[in-house]
Amino acid sequence: MYLIKRKSILSDTIFLMEVVAPRVAKNCQPGQFVIIRVDENGERIPLTICDYDREEGIITIVTQTMGATTSKMMQLKEGEYLHDFAGPLGRPSDLITDDFEEVRKKKILFVAGGLGTAPVYPQVKWLHEHGIAADVIIGAKTKDLIIYENEMRAVAGNVYVTTDDGSYGRKGLVTQVISDLVENEGKKYDLCVSIGPMIMMKFCTLTTKKYGIPTIVSMNPIMVDGTGMCGACRLTVGDEVKFACIDGPEFDGFKVNFDEAMERMSLYRTEEGRALLRFREGATHHGGCGNCDGGDK
Amino acid sequence: MRVPISEQDPLVRAGNFDEVCLGYTEEEAVAEASRCLNCKVPMCVKGCPVGVDIPGFIAALKDNDIPEAYARLSKCTTLPAVCGRVCPQETQCESKCVKGIKDDAIAIGKLERYVADKARAAGIKPASSAAPNGHKVAVVGSGPSGLTCAGDLAKLGYEVTIFEALHEAGGVLTYGIPEFRLPKEKVVKPEIDNLKKLGVKIETNVIVGKSVTIDSLMEDEGFEAVFIGSGAGLPMFMNIPGENAKGVFSANEFLTRNNLMKAFTEDSDTPIYKPARVAVVGGGNVAMDAARTALRLGSAVTIIYRRSEEELPARKEEVHHAKEEGIIFEMLTNPVEILVNENHFVSGIKCVRMELGEPDQSGRRRPVPVEGSEFVIETDAVIMALGTSPNPLIASTTPGLETNKRRCIVAEEEFGKTSKEGVFAGGDAVTGAATVILAMGAGKAAAKGIDAYIKGKES
């Protein structure tokens, strides 16, 4: 059992937890993830590490209520426990493992979408601690879903905020900001790191490809064990099949087959919807609609 | 004649996850035990990778003395209720039984499970440990090899901690082998609890190579020796078109969802795909387990295997059970492409017929495609049960640990010694995918090796 030391609500649906997990905190690096289970019947879900405190033995995770598991998680309070918390999993970000002198020469742009802003943070922070100021674009549907802005400003070079509906910052998609920066504001970048929804990462790579900026993406497919054992997270990268859990989660964005990855994400959509209904409606969900196997039908 | 054992009716069990074999009654067990000749030179023991005192426990069972029979068993094995269920006895102990020459071999496996089940029901504890000797040993992985190694070392007085990557102990006994062959609450958990009673600690959610390294276990946490029993590793695929479509799974994924995550129960939050038709590719025990699991989840199941029925690597009993339950076997058939519908779901599997040619390296006749024999099996899902390749996680984070061409950890067979001092290994991580009992044998050998190594350092 893993203690939730602190919980904070970042928006209607997004929340942050600081969890006591000393072994993970001791050995993790930016770019890696953990697998958690909320309770003894819980699913194993992967979450990217958003911050860590090695001395206190604490890992920060940020998530959004999407299905039954994340909804249950949202209801947990400070002082309560997550049933399981395993990691760190996956490879650290290349920025951390590559030759530092090479990394230092690069002008780096991070493109963060919605919840993906949280896992961008430890990478930008790591660079900041090593004397590198990276630029960051933070994008979300609307103002309420912009997270980590102040934290990011403290460690980044320039931070550009944009919302789809224009309720905060610039108006438009992150891809538009990339174009504006490169075409109209005279920015030059040698590397882009994009973390967010798959659809955003796809269009981000299409844009950066146009400008010849090599782009790393962090993939978040369906996983079970997270250690290479099940192969659920397999992706086509170039002409190879890779497992996101052990070969990734970060890959060369120009090589990832996003369309296939997005299709694979939708495999359990019906089942996940049913599980969420069961959770939300509890005993009142009787499955009378005939469309599902919930309740006491 | 062997005393027949009762099983759930095939048509009934095809719809539930309860155990297939119902086990002997007291009368049946004693009658079967009484057939044993108690040979002076027991050949059966030679056929057992862990050298269980087979005539000894059977002799006690003849007198219906369960405590004594169990004491004799548990002296040699930590997992008798498991072995009695999943060992391939027909090719091991029972194949050597003298009685089997003119008659049926003694049902050693069924008697072993009878004794273990009875002892558990009566609350009989396993043989106790020696006094603590003050030495710490780490075991990586809580599957059959790790549990056996840990149990043997604990009995010798070592302070043993097992590190398990998943959230539950048991390895393949928990995530791989299904409930209907190996019940978890009734059999696996109590055997693991017995180990804890011996003083073995189990720390779950620790991925050695990630959460901690072998070096840090030895240098920072005071473990004098480490046994690596991390298991088989990454599932293999065929690399044919359509393999990443929705509805293609590795057997590992499908079985883990069902067994470890309990997707077959109402309470589980983990989804599992339950379409009308499922095709399973492969012919080993894992293929049979995946096929019979899909059947129980409500699918019509076809097993596709490229050689003939004679070469099926699965246990005869499993094949027989699968057939009884209504699974269709398409032998001498090899997939060439997975067909996909407009929504990117599997719609069929294109196969070729095969014929057997000259024997290959394994001594089995090599299957060769029959030209122009392509045909389609309509299906909604494909489960690939083609074996595994070793997980590089530990080898890549442990300097000085040698691996071979197949990326398996190199370990001496006799005592499991690796190229790195104080580090021993066994089970699938060394041999590639094999059986529970071979892994247990390796765990047992390594326990002896570790004991000798630590005592050698002392003197």
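Where is the place of B:N64 in chain B? B:N64 sits in the loop between α4 and α5 (66-76) of chain B; helices here (H or I, at least four residues) and strands (E, at least two) are DSSP runs, numbered from the N terminus. Although B:N64 is not a glycine, its phi is positive, at about 60 degrees.

Some ground rules come next. This is a predicted model, in which local features need pLDDT of at least 70 and side-chain atom pairs count only at pLDDT 80 or more, while totals for chains, interfaces and linings use all residues. Residues are numbered from 1 along each chain as its sequence is written, chains are lettered from A and ligands numbered from 1 in the order in which they are written, and side-chain values use heavy atoms, with hydrogens and water left out.

Now to the place where the two chains meet. Chain B puts 43 residues into the contact (heavy atoms within 4.5 Å), and chain A puts in 43 residues as well. About 3600 Å² is buried between chain B and chain A, with carbon and sulfur atoms giving 51% of that area. Buried area is the accessible area (1.4 Å probe) that two parts lose on being put together, summed over both. On the chain B side, B:K210, B:N244 and B:D269 lose the most area to chain A, together 21% of what that side buries.

What about charges and polar atoms? The interface of chain B and chain A has 4 salt bridges, each a side-chain nitrogen of Lys or Arg within 4 Å of a carboxyl oxygen of Asp or Glu. The side chains of B:K246 and A:E263 form a salt bridge, at 2.7 Å from N to O. On the side of chain B that touches chain A, β5 (234-235), β6 (248-250) and α13 (251-260) of chain B each supply at least two residues, and α13(B) gives the largest share, 4 residues. That side divides into 18 nonpolar, 15 polar and 10 charged residues. In this count, Ala, Val, Leu, Ile, Met, Phe, Trp, Tyr, Cys and Pro are nonpolar, Asp, Glu, Lys and Arg are charged, and the others, Gly among them, are polar.

The whole structure holds 5 cavities of 30 Å³ or more. On a 1 Å grid over the protein atoms alone, a cavity is a set of points where a 1.4 Å probe fits but cannot get out, and lining residues have an atom within 4 Å of a point. The largest cavity has a volume of about 130 Å³, volume being the space filled by probe spheres set on the points, which are joined across faces, edges and corners. Of the 16 residues lining the largest cavity, B:C36, B:C39, B:C44, B:C97 and B:I106 are the closest to its centre. The largest share of the lining, 3 residues, comes from α4(B). The lining divides into 13 nonpolar, 1 polar and 2 charged residues.

Chain A has a couple of cis peptide bonds to spot. One joins A:G87 and A:P88, with omega about -5 degrees, and A:P88 is in strand β7 (residues 84-89) of chain A. Another runs from A:G248 to A:P249, with omega near 10 degrees.

Key: On a 1 Å grid over the protein atoms alone, a cavity is a set of points where a 1.4 Å probe fits but cannot get out, and a pocket is an open set with protein on both sides within 12 Å along at least five of seven lines; lining residues have an atom within 4 Å of a point.
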